[in-house]
Amino acid sequence: MTIAVPADGKTRNHRTAEAPSPGLHTDSPGGGTARKALVSACLLGSACRYDGRDCADPAVRRFLESRGLTPVPVCPEELGGLGTPRPRAEIREGDGGAVLAGRGRVFDFEGRDVTGAFIAGARAALELALRHRCGLAVLKAGSPSCGSVRISAGDFSGRTRAGSGVTSALLKSAGIRVVTEEDIPEEDILDSFNT
Ligand code: SF4
């Protein structure tokens, strides 16, 4: 599959760490008393998905606002150097934890090994979370980077299987709580992050 390239012939990179999406409030790194949550930029409306679209989810914004959490937008795949649009990718062996341990690989739909970019993006996302003192991450379900409890099967079949994406696995290993937009309606999630 070949991804359609915009009319200017270039892929885009929203550089979510340095240039948050318009309308998002982010304080100076680590400064102030604002409570912050790392959030998948696509859930906040950034068109950083592999196909150049977003996954804007109003429930995520409502959750953040209701808990007084300032979103810190992040797209690990862009931070890892992958442009947008880009071929979709899946973890072929194991899950994100296996990839970080050197036992799994990530391949895109065109057969390129993009494991290094996924690990680089995960590390950059963790650095961003630590810099902003995020104790919570709200990430996109199912993604090979951001998925928390399920990821694509690895064969581009549309099926999913249990496991974390690469960024989710790294954030969890650092003690950051990771939920997805699918958890947001759950009362226990809302109530247990109420401090
Ligand atoms: S799911 Fe994660 S890696 Fe994929 S577009 Fe959204 S923020 Fe980027």
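Two residues are taken to be in contact when their C-beta atoms, placed from the backbone, lie within 7 Å. In this predicted model, 66% of the contacts between residues at least 6 apart in sequence join residues at least 24 apart. The chain contains six helices and eight strands, arranged along the sequence as β-α-β-α-β-α-β-α-β-β-β-α-β-α. Of its 195 residues, 44% are buried.

The largest nonpolar core comprises 46 residues, among which A37, L38, A125, A137 and V138 touch the most other members. The greatest contribution to this core, nine residues, comes from helix α4 (residues 115-131). Leaving aside residues up to four places away in sequence, A137 touches A37, L38, A129, L171, I176, R177 and V178.

Several backbone features fall in loops. The peptide bond from T84 to P85 is cis, with omega near 0 degrees; P85 is located in the loop between α2 (76-79) and β3 (89-91). R133, which is not a glycine, has a positive phi of about 55 degrees and lies in the loop between α4 and β5 (136-139). R133 counts as partly exposed because it has 13 C-beta neighbours inside 10 Å. F156 also has a positive phi, near 55 degrees, and is placed in the loop between β6 (150-152) and β7 (160-162). With 16 C-beta neighbours inside 10 Å, F156 is likewise classed as partly exposed.

Key. Residues are numbered from 1 along each chain as its sequence is written. This is a predicted model: local features need pLDDT of at least 70, side-chain atom pairs count only at pLDDT 80 or more; totals for chains, interfaces and linings use all residues. A nonpolar core is a set of buried Ala, Val, Leu, Ile, Met, Phe, Trp, Tyr and Cys residues joined through C-beta atoms within 7 Å. A residue is buried if 20 or more other C-beta atoms lie within 10 Å of its own, exposed if 12 or fewer, and partly exposed in between; C-beta atoms are placed from the backbone. Helices (H or I, at least four residues) and strands (E, at least two) are DSSP runs, numbered from the N terminus.
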